[in-house]
Amino acid sequence: MSRRSRDNGRPSVAIGSDVVRQIRRHARSSIKTEVCGVLVGHEKSDGMEVEACISGLNAEQAGAHVTFTQDTWEHIYKVKDQQYPDQRIVGWYHSHPGFGIFLSDHDTFIHKNFFSSPTQVAWVCDPHSDEEGCFGWVSGRIERLTQIQIIDRQGGEGAEVGGRPEPVLDAEEEEAGAGQPWVPQADNSETVSLTQLTTTILSYLSVFLLGFMIGWYFFPRIMVVPVPVDPLTGQPLALPQAEPDRPSPQNGQGTSSSKPSSKAQSTDTGKGEHDQR
């Protein structure tokens with residue numbers, strides 16, 4: 001029983017480590033826009049093996065998607081005929097800078113129309129997170145594959161092959177590096193400190209203003225009124241009350257006019273008593 005039948009019909013993909021490095025290098029060359037290319041290799045009984053990749057020059061890049069143009073295909077077939085005449089195109093690759101590993105509607109359209117062979121796959125790489133994934137045909141639909149093998153084509157060599165000696169530093173380099181402990185480099189410490197200080201001050205001011213506004217509108221306010229106090233007894237003194245306004249005299253008559261008459265009456269009375277005596 002083949003590996004493909006054991007894994008519910010999902011093909012396995014073997015890809016060279018050097019090919020993976022080339023794809024990653026191409027993806028990191030454009031951090032904000034997608035890049036693309038094709039995978040070259042041959043089919044196996046349980047899947048396919050990717051032996052090389054060809055970058056898609058002159059591809060139409062539009063940020064979140066990439067399109068193979070006529071110039072791109074001409075460049076791809078020219079390189080393939082010159083360098084990989086015995087291999088075939090077994091799939092394609094493209095990057096998702098910061099988007100994650102999936103196939104968008106545009107990617108699915110490309111795969112269905114240009115890589116519709118059951119053994120062709122789509123390799124996706126995110127240069128921001130270094131995450132990778134591979135999609136292929138499973139029972140007539142496109143799914144993410146689980147059987148991916150990285151092959152080191154230099155594997156199997158003996159450790160002593162080549163007789164490479166240990167690298168030796170020049171006398172000047174050795175003297176320059178001697179006695180100097182490694183110190184981590186600070187990344188613009190002055191700018192970072194100023195930014196952190198400004199952010200901290202603004203944060204505290206915002207919290208203070210917010211708390212003041214909440215207290216002003218939602219909590220009762222206490223008003224302090226000064227009250228005179230007797231220094232001997234300590235009791236508050238009664239505030240003097242204003243006297244009511246007296247009515248103004250009318251027609252030459254009033255309280256002040258009545259008082260002289262009473263005085264005059266009392267004077268006359270006294271004079272009478274004095275005369276009687």
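**Figure 1. Overview of the predicted model.** The structure shown is a predicted model. Its protein chain holds seven helices and 10 strands. The chain has 277 residues, of which 26% count as buried. When contacts between residues at least 6 apart in sequence are considered, 64% of them join residues at least 24 apart.

**Figure 2. The open sheet of eight strands.** Eight strands form this sheet with mixed pairing, in the order β9-β8-β7-β6-β2-β3-β1-β10. β9 (141-144) and β10 (148-151) stand at the edges; each has a single partner strand, so one side of each is left without a neighbour in the sheet. From one strand to the next, the twist averages 30 degrees. Strands of a sheet pair through backbone hydrogen bonds, in either a parallel or an antiparallel manner. Strand β6 (residues 88-95) and β7 provide a parallel example, joined by five bridges. Within this pair of strands, Trp92 has Ala122 of β7 as its bridge partner.

**Figure 3. Two helices that lie across the sheet strands.** Helix α2 (residues 17-28) lies across β1 (12-16), β2 (36-44), β3, β6, β7, β8 and β10. Its direction makes an angle of about 80 degrees with β1. Helix α4 (residues 105-114) lies across β6, β7, β8 and β9. The angle between α4 and β6 is about 170 degrees.

Figure 4. His26 is found in helix α2. Is this residue buried or exposed? His26 has a relative accessible area of 18%, and a residue counts as buried under 20%, so His26 is classed as buried. Apart from its neighbours within four places in sequence, His26 is in contact with Val35, Cys36, Ser55, Gly56 and Tyr93.

Figure 5. A search of the whole structure finds four salt bridges, and two of them involve arginines of helix α2. In one, the side chains of Glu132 and Arg24 meet, with N and O 2.8 Å apart. Glu132 lies in strand β8 and Arg24 in helix α2, so this pair ties together parts that are 108 residues apart in sequence. Glu132 counts as partly exposed at 21% relative accessibility, and Arg24 is also partly exposed, at 31%. In the other, Asp130 forms a salt bridge with Arg28, and their closest N and O atoms are 2.9 Å apart. This second pair also links distant parts of the chain, with Asp130 in the loop between β7 and β8 and Arg28 in helix α2, 102 residues apart. Arg28 is partly exposed, at 42% relative accessibility.

**Figure 6. The salt bridge between Arg141 and Glu143.** The side chains of Arg141 and Glu143 meet in a salt bridge with an N to O distance of 2.3 Å. How accessible are the two partners, Arg141 and Glu143? Arg141 counts as partly exposed at 48% relative accessibility. Glu143, in contrast, is buried, with a relative accessible area of 15%.

**Figure 7. Two loop residues with positive phi.** Most residues other than glycine have a negative phi. Asn58 is not a glycine, yet its phi is positive, at about 60 degrees. Asn58 is placed in the loop between β3 (47-55) and β4 (60-61). Its relative accessibility of 56% makes Asn58 an exposed residue. Asp130 likewise has a positive phi of about 60 degrees without being a glycine. The loop that holds Asp130 runs between β7 (121-126) and β8 (131-138). Asp130 counts as partly exposed, at 43% relative accessibility.

**Figure 8. A nonpolar patch on the surface.** Which residues form this patch? Its members are Leu210, Phe212, Met213, Ile214, Trp216, Tyr217, Phe218 and Phe219. Together they have about 990 Å² of accessible area. One of them, Leu210, is found in helix α6 (residues 189-218). Leu210 has a relative accessible area of 53%, and residues over 50% count as exposed; Leu210 is therefore exposed.

Key
Residues are numbered from 1 along each chain as its sequence is written. This is a predicted model: local features need pLDDT of at least 70, side-chain atom pairs count only at pLDDT 80 or more; totals for chains, interfaces and linings use all residues. Side-chain values use heavy atoms; hydrogens and water are left out. Helices (H or I, at least four residues) and strands (E, at least two) are DSSP runs, numbered from the N terminus. Buried means under 20% relative accessible area, exposed over 50%, partly exposed in between (1.4 Å probe, protein chains only). Two strands pair if DSSP finds at least two bridges between them. Axes are lines fitted to C-alpha atoms, for helices over the stretch in contact, and angles run from 0 to 180 degrees between N-to-C directions. Contact means heavy atoms within 4.5 Å. Patches are made of residues with over 30% relative accessible area and no salt bridge: like charges are joined within 9 Å, nonpolar side chains (Val, Leu, Ile, Met, Phe, Trp, Tyr) within 5 Å. Accessible areas come from the Shrake-Rupley method with a 1.4 Å probe; for residues, only the protein chains shown count as cover.
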